[in-house]
Amino acid sequence: MHDFHQLLYAPLGRVVVTACELDHVLTSSVALWLPAGVPHSARFTPDSLVISESFDAERYELPYDKPSMTHIDEPRRRLLLARRRSDRPAADDAAAFAELTGAEEHRLPLPWPANPAARTVAEALLRDPADQRTAARWAQELYTSSTSLRRAFRTETGLAFTDWRTRTRLNRSLELLSEGHQVGVVATRVGFASTNGFILAFRQHFGRTPGAYVRERLDGTAG
């Protein structure tokens with residue numbers, strides 16, 4: 001636990017950070033913001049390279065009140081690597097903090113697999129998140145083993161196949177909710193077996209219910 005805000009990023013290897021009773025998997029495409037005062041622990045693979053950026057909690061207002069994943073695109077990656085290589089003046093911290101916490105959509109990060117079979121599955125799920133085919137069924141259709149397919153998702157994206165699919169469904173649900181569809185309709189259209197299951201998954205990943213998300217958007221539009 002620290003008295004400063006901390007950003008953890010793993011450009012190499014795989015790191016699992018446990019905070020607030022949840023495991024957060026860091027890969028080269030996602031980082032984790034830890035607000036000041038949040039207890040946490042981490043597990044590393046032997047080849048991991050971890051970048052830690054800290055910011056004074058009294059000077060900087062973090063837009064997250066709980067551990068939050070953030071997407072690391074190429075400009076952010078270059079920024080983080082450059083800060084690691086050089087002794088930067090403290091004045092650079094403000095610009096870096098603004099860049100690393102810049103406004104972005106609520107969409108969940110979806111690291112992309114390199115394995116051809118896994119990429120085929122990922123592309124199909126982006127087109128139709130409600131696709132109910134299991135990893136075993138996909139493997140059969142793509143003439144590979146389910147073990148290999150699951151391993152590709154886990155090692156190349158940091159997410160299990162089912163977790164990757166869930167994130168795809170939740171990201172699509174944001175679009176449908178913003179279009180005014182009812183929660184139950186959205187749950188069905190993105191592939192959840194029940195409305196309650198959708199609400200629970202939505203709250204776990206976004207920290208609010210679908211209804212609260214819609215109200216926030218309406219309040220922001222009204223303002």
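In which sense, right-handed or left-handed, does helix 3 pass helix 6? In this predicted model, helix 3 passes helix 6 in a right-handed crossing. Two packed helices are described by the angle between their axes and the distance between the axes. The axes of helix 3 (residues 116-127) and helix 6 cross at roughly 25 degrees and come within 9 Å. Angles under 35 degrees count as roughly parallel, and helix 3 and helix 6 are therefore roughly parallel to each other. On the side of helix 3, the contact is made by Val-121, Ala-122, Leu-125, Leu-126 and Arg-127, which meet Phe-161, Trp-164, Arg-165, Thr-168 and Arg-172 in helix 6.

Helix 6 spans residues 161-178, 18 residues in total. The distance from its first C-alpha to its last is 26 Å, close to the 26 Å expected at 1.5 Å a residue. The buried residues of helix 6 include Phe-161, Trp-164, Arg-165 and Thr-168, and these four residues are also among those that meet helix 3. Also buried in helix 6 are, among others, Arg-167, Arg-169, Asn-171 and Ser-173, together with the leucines Leu-170, Leu-174, Leu-176 and Leu-177. Helix 6 is followed by Gly-180, which has a positive phi near 95 degrees.

An open sheet of four strands has the order 6-1-4-7 and antiparallel pairing. Strand 6 (49-56) and strand 7 (68-71) stand at the edges with a single partner strand each, so one side of each is left without a neighbour in the sheet. On average, neighbouring strands of this sheet are turned by 25 degrees against each other, direction ignored. Within the sheet, strand 1 (residues 4-12) and strand 4 (residues 30-34) run antiparallel and are joined by four bridges; the bridge partner of Gln-6 is Leu-34 in strand 4. Helix 1 (residues 74-85) lies across strand 1, strand 6 and strand 7, and runs at about 85 degrees to strand 6.

Strand 2 (residues 15-19) pairs with strand 3 (residues 22-26) in the antiparallel sense over five bridges, with Leu-26 in strand 3 as the bridge partner of Val-15. The hairpin of strand 2 and strand 3 has two residues between the strands, and Cys-20 in this hairpin takes a positive phi near 55 degrees. Strand 2 also runs antiparallel to strand 5 (residues 40-44), to which it is joined by five bridges; here Val-16 stands opposite Arg-43. Strand 2 is mostly covered, with four of its five residues buried.

Technical notes. Residues are numbered from 1 along each chain as its sequence is written. This is a predicted model: local features need pLDDT of at least 70, side-chain atom pairs count only at pLDDT 80 or more; totals for chains, interfaces and linings use all residues. Side-chain values use heavy atoms; hydrogens and water are left out. Buried means under 20% relative accessible area, exposed over 50%, partly exposed in between (1.4 Å probe, protein chains only). Two strands pair if DSSP finds at least two bridges between them. Axes are lines fitted to C-alpha atoms, for helices over the stretch in contact, and angles run from 0 to 180 degrees between N-to-C directions. Contact means heavy atoms within 4.5 Å. The expected span of a helix is 1.5 Å times one less than its number of residues. Angles under 35 degrees count as roughly parallel, over 145 as roughly antiparallel, 65 to 115 as roughly perpendicular and the rest as oblique. A crossing is left-handed if the near helix is turned anticlockwise from the far one by less than a right angle, and right-handed if clockwise.
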